[in-house]
Amino acid sequence: AAELVTPSGESVHANVDESPELLWGLRGGGGNFGVVTRAKFLLHPVERVIGGRLSYAGEGVRKALCAFRDVDRDAGGEISIQAQLSTDESLVPTLEIAPCYTGAGADPDEVRALRAAAGLVDDGVRAQGFLDQQRVFDPGYGVDRNYWKGHFVRELRDELIDVLVDSMAALDQPPGAILIESLRGAPKDVDPDSAALGYRDAAFNLSVMASWTDPAVDDEHIAWARETAAAIEPWSISGGYANYMQADEPLERVRAAFGADSFDRLRALKTRYDPGNVLHRNQNVPPL
């Protein structure tokens, strides 16, 4: 449930009984309809996880990324696995794999398989608190210049892995990375009509993340992100994750992120709650 204030100053309650269509839109439609002043969530008790980062480098990175794909494909519902492909200052390819296991076992099979993958240079996986797991990457947002662009894909085929590794090598000015987020598990268990999200059929979210500090190289890094995203596009199944979209994304790509039917429903909500499109500095859903 949520309480929000619309641009006209109206206070609206959204839950399964009151304004359920607005609640649907808030689950994915973001800040297009008002400012949420109170939210109600259903929580799951998680006190301890086995998680952290496994670091790989050098020639083994490609094989480690294939191992990540294979382990994730066969994994049970008690583990989530993400990966981030990058290069170090010497332009050596690197890979960070971040498992998060919430089951009762002390030595999960999936983590052991990842530890056996080629190129492992550092093992930071351990039993820790859930909040510590949220700090595994802990980026310093706002301290750099950045440009993100990506796609949802149904599978991480060998040919796509080659594209990712080769594209990462083409960026000869680190930092910068390609984030690979697994969408297996709970996202598939939810009724697709319960939320305005269009990625239920995807296996992974691939995000090309250009990151730099010198304004003089803006064009170069943005071009790398766009070119890499274009190379991934043949495997894409939608317009990408709306929350990561840049302001220069065209309307049709925002539509594709939600799907045509959901986007039409979101536009109807926008017309009801923000007909003047006051809330437009986002992945914008324009009113009808």
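## Helix H7

In this predicted model, helix H7 spans residues 218–232, a run of 15 residues. From its first C-alpha to its last, H7 reaches 22 Å, close to the 21 Å expected at 1.5 Å a residue.

The buried residues of H7 are Asp218, His221, Ile222, Trp224, Ala225, Thr228, Ala229 and Ile232. Viewed down the axis of H7, these buried residues fall within an arc of 155 degrees, so they line one face of the helix. An α-helix has 3.6 residues a turn, so residues three or four places apart point the same way. Exposed residues Asp219 and Glu227 are carried on the face of H7 turned away from the buried side. The cover over the buried residues of H7 includes strands E10 (145–153), E11 (176–182) and E12 (204–212), together with helix H5 (158–170).

## Helix H5

Helix H5 has 13 residues and reaches 18 Å between its first and last C-alpha, close to the expected 18 Å at 1.5 Å a residue. Within H5, the residues Leu160, Ile161, Val163, Leu164, Val165, Ser167 and Met168 are buried. Their cover includes helix H2 (61–74), strand E6 (79–87), E10, E11, E12 and H7.

## Packing of H1 and H9

Two packed helices are described by the angle between their axes and the distance between the axes. For helix H1 (residues 20–29) and helix H9 (residues 260–273), the axes come within 10 Å and cross at roughly 115 degrees. H1 is therefore roughly perpendicular to H9, and the crossing is left-handed.

At this contact, Glu21, Leu22, Trp24, Gly25 and Gly29 of H1 meet Ser262, Arg265, Leu266, Leu269 and Tyr273 of H9.

Terms used. Residues are numbered from 1 along each chain as its sequence is written. This is a predicted model: local features need pLDDT of at least 70, side-chain atom pairs count only at pLDDT 80 or more; totals for chains, interfaces and linings use all residues. Side-chain values use heavy atoms; hydrogens and water are left out. Helices (H or I, at least four residues) and strands (E, at least two) are DSSP runs, numbered from the N terminus. The expected span of a helix is 1.5 Å times one less than its number of residues. Buried means under 20% relative accessible area, exposed over 50%, partly exposed in between (1.4 Å probe, protein chains only). The arc is that of the directions from the helix axis to the C-beta atoms. Contact means heavy atoms within 4.5 Å. Axes are lines fitted to C-alpha atoms, for helices over the stretch in contact, and angles run from 0 to 180 degrees between N-to-C directions. Angles under 35 degrees count as roughly parallel, over 145 as roughly antiparallel, 65 to 115 as roughly perpendicular and the rest as oblique. A crossing is left-handed if the near helix is turned anticlockwise from the far one by less than a right angle, and right-handed if clockwise.
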